Amino acid sequence: MGLTGCGKFGKGFLVAINILFFILGLGLFVLGILMKVNVSAINDDVKPALNGVTVASYKLGNLVDSLAILFIVIGAFILIVSGLGLFGACCEVKCMLVTYAVLVMILFVMKIAAIALWFTMKSGFEDVVKEGMLKSLKDNYKSDTIDSSNAVSNAWNYMFMSLQCCGVVDIKTDFGTGTPAWITGLSPTTVIPKTCCIGADSSNYKTNPKLSTCQPGTADYNMKGCYAALKDEITTYGNIFVGVGITILLIELLAVVFAFVICCQTGDKNHAV
């Protein structure tokens with residue numbers, strides 16, 4: 001039997017939304033690649049500092065890196081599923097439509113679970129990350145260079161320059177009381193790490209014109225903590241991901257409903273595959 005009005009509408013709807021799914025999946029795929037390439041926190045020079053922080057047995061640097069890979073994998077999966085739904089709806093192939101509907105339902109449940117878990121753990125997660133970063137900085141920061149024998153100290157300096165930050169939360173106390181007294185108290189004898197000075201990068205941090213004025217009481221060094229800078233860096237991409245994800249959730253239920261409507265109306269006279 002042929003499709004009735006509801007079935008025809010459902011077919012058009014599935015074709016339209018799976019074209020949209022395809023575009024959204026492609027967007028996530030490209031976003032993941034851009035994040036992998038552009039996010040400074042994923043840089044191999046910075047990762048050793050973040051890997052000093054452990055969250056639920058996972059190293060933070062690897063976890064941040066995995067976010068980009070996750071975006072790429074999810075984007076690729078959506079591209080495949082949307083192609084399945086698009087072809088199944090156009091050709092009225094019952095087997096493909098059922099597979100499509102099942103996959104979409106699995107995706108829907110997984111996203112709801114992930115969102116609920118994230119909002120439940122978010123506050124505790126942030127506290128663990130802050131404490132871990134502070135411990136890593138205090139235990140490992142030895143020199144304001146990127147060529148010392150301490151790889152973690154070097155990584156912190158790379159982070160200061162690439163994220164334009166200094167310390168973790170409060171630069172006045174984050175460095176502890178070691179020698180030299182990096183920033184602690186911002187007293188006249190305090191040393192501001194060269195890598196925290198405005199305009200410093202890996203090629204000029206030793207000859208940066210701002211070095212002569214990069215002193216306590218001036219505005220010539222980065223005052224933003226690296227936890228906030230890292231969070232802002234990830235949030236920039238995370239907000240886009242959440243927006244795309246919510247859009248997908250809103251149309252997934254309708255996609256499942258219409259897929260089964262077409263399956264029912266196609267009946268036993270389905271096209272063989």
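Predicted model: local features only at pLDDT ≥ 70, side-chain atom pairs only at ≥ 80, totals over all residues.
Me: Why is the disulfide of Cys165 and Cys226 called right-handed?

Reply: The handedness is read from the torsion about the S-S bond, which is about 85° here, so the disulfide of Cys165 and Cys226 is right-handed. The link of Cys166 and Cys196 is also right-handed, with 80°. By contrast, the link of Cys197 and Cys214 has -100° and is left-handed.

Me: How many disulfides are there, and what is the pairing?

Reply: A disulfide is assigned when two cysteine sulfur atoms lie within 2.5 Å. The count comes to 3 disulfides. With the bonded cysteines numbered in sequence order, the pairing reads 1-6, 2-3, 4-5. Cys90 is in no disulfide, since the nearest cysteine sulfur, that of Cys91, is 6.1 Å away.

Me: Which residues make the nonpolar surface patch?

Reply: Such a patch joins nonpolar side chains within 5 Å, from residues with over 30% relative accessible area. Val98, Val102, Ile106, Met110 and Phe260 make a patch of about 420 Å². Helix H4 (residues 94–140) supplies the largest share, 4 residues. Val98, in helix H4, counts as partly exposed because its relative accessibility is 31%.

Definitions and conventions: Residues numbered from 1 in each chain as written. Heavy atoms only, no water. Patch = residues over 30% accessible without salt bridge, like charges linked within 9 Å, V, L, I, M, F, W, Y side chains within 5 Å. Areas by Shrake-Rupley, 256 points an atom, 1.4 Å probe, with all protein chains shown as cover. Salt bridge = Lys/Arg side-chain N within 4 Å of Asp/Glu carboxyl O. Helix = DSSP H or I, 4+ residues; strand = E, 2+ residues; numbered from the N terminus. Buried < 20%, exposed > 50% of the residue type's maximum accessible area, 1.4 Å probe, protein only.
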